[in-house]
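Please look over the sequence and the structure shown here before reading on.

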Amino acid sequence: MRLTNVLTLVLVVLLFSKCREIENTEVPNVPVNTVINIQTPEYFDLQAVGGWAYTYGGSKGIVVYRNSFDSFSAFDRHATYEPINGCIVEVDSSNIMVQDPCTTSRYLLTDGSVVNGPAAVGLRQYQAYFDGTYLRIYN
């Protein structure tokens, strides 16, 4: 009987500590509904395939990448490794990777996946709809 109580207590403690760990590892989920005109000077680089730009919105800003003529990817700039630290990813000199300046974590700009850690979770992705001039980014 006593062993059962001890095991139950250990299980409860482990369960609560795991829940607390999960809470501290998630990028905040915030509403996003941003529209940008890629014809404006600040988004000029988005006019070409492979171009990227930063815009407002999300938890720490959004990075947008043009995959093809009519396809864009949009990711939150909030780093996923220990997001409680609030680190903001930046596009590196390759123009195809983003890096967390607080760690060595790197993510692929085309799909937000982790290229090397310590991050284990990719960047939060938002929906992107392009009508030929305006790009709507939303969740």
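The model is predicted. One of its features is an open sheet of 6 strands, paired antiparallel, in the order 1-10-9-4-3-2. Strand 1 (33-37) and strand 2 (52-55) are the edge strands; each has a single partner strand, so one side of each has no neighbour in the sheet. From one strand to the next, the twist averages 25°.

## The loop between the edge strands

Glu-42 belongs to the loop between strand 1 and strand 2. Is Glu-42 buried or exposed? Its relative accessibility is 61%, and because the cut-off for exposed is over 50%, Glu-42 counts as exposed.

Glu-42 can also be placed relative to Ala-53. The two residues are 11 residues apart in sequence, and their C-alpha atoms are 8.0 Å apart in space.

Asp-92 sits in the loop between strand 5 (90-91) and strand 6 (97-99). The relative accessibility of Asp-92 is 16%. Buried means under 20%, so this value falls within the cut-off, and Asp-92 counts as buried.

Which side chains make polar contacts with that of Asp-92? One is the side chain of Ser-94, with a polar contact of 2.5 Å. Another is the side chain of Arg-106, where the polar contact is 3.1 Å. Leaving aside residues up to four places away in sequence, Asp-92 touches Met-97, Val-98 and Arg-106.

## The disulfide

How many disulfides does the model contain? The count comes to 1 disulfide. This disulfide joins Cys-87 to Cys-102, with an S to S distance of 1.9 Å. The torsion about the S-S bond of Cys-87 and Cys-102 is about -100°, so the disulfide is left-handed.

Cys-87 lies in the loop between strand 4 (71-76) and strand 5, while Cys-102 lies in the loop between strand 6 and strand 7 (106-108), so the pair ties together parts that are 15 residues apart in sequence. Cys-87 has 9% relative accessibility and therefore counts as buried.

Conventions. Residues numbered from 1 in each chain as written. Predicted model: local features only at pLDDT ≥ 70, side-chain atom pairs only at ≥ 80, totals over all residues. Heavy atoms only, no water. Pairing = 2+ DSSP bridges. Helix = DSSP H or I, 4+ residues; strand = E, 2+ residues; numbered from the N terminus. Axes fitted to C-alpha atoms, helices over the stretch in contact; angles between N-to-C directions. Buried < 20%, exposed > 50% of the residue type's maximum accessible area, 1.4 Å probe, protein only. Polar contact = N/O pair within 3.5 Å; in protein donor to acceptor, adjacent residues only side chain to side chain. Contact = heavy atoms within 4.5 Å. Disulfide = S-S within 2.5 Å.
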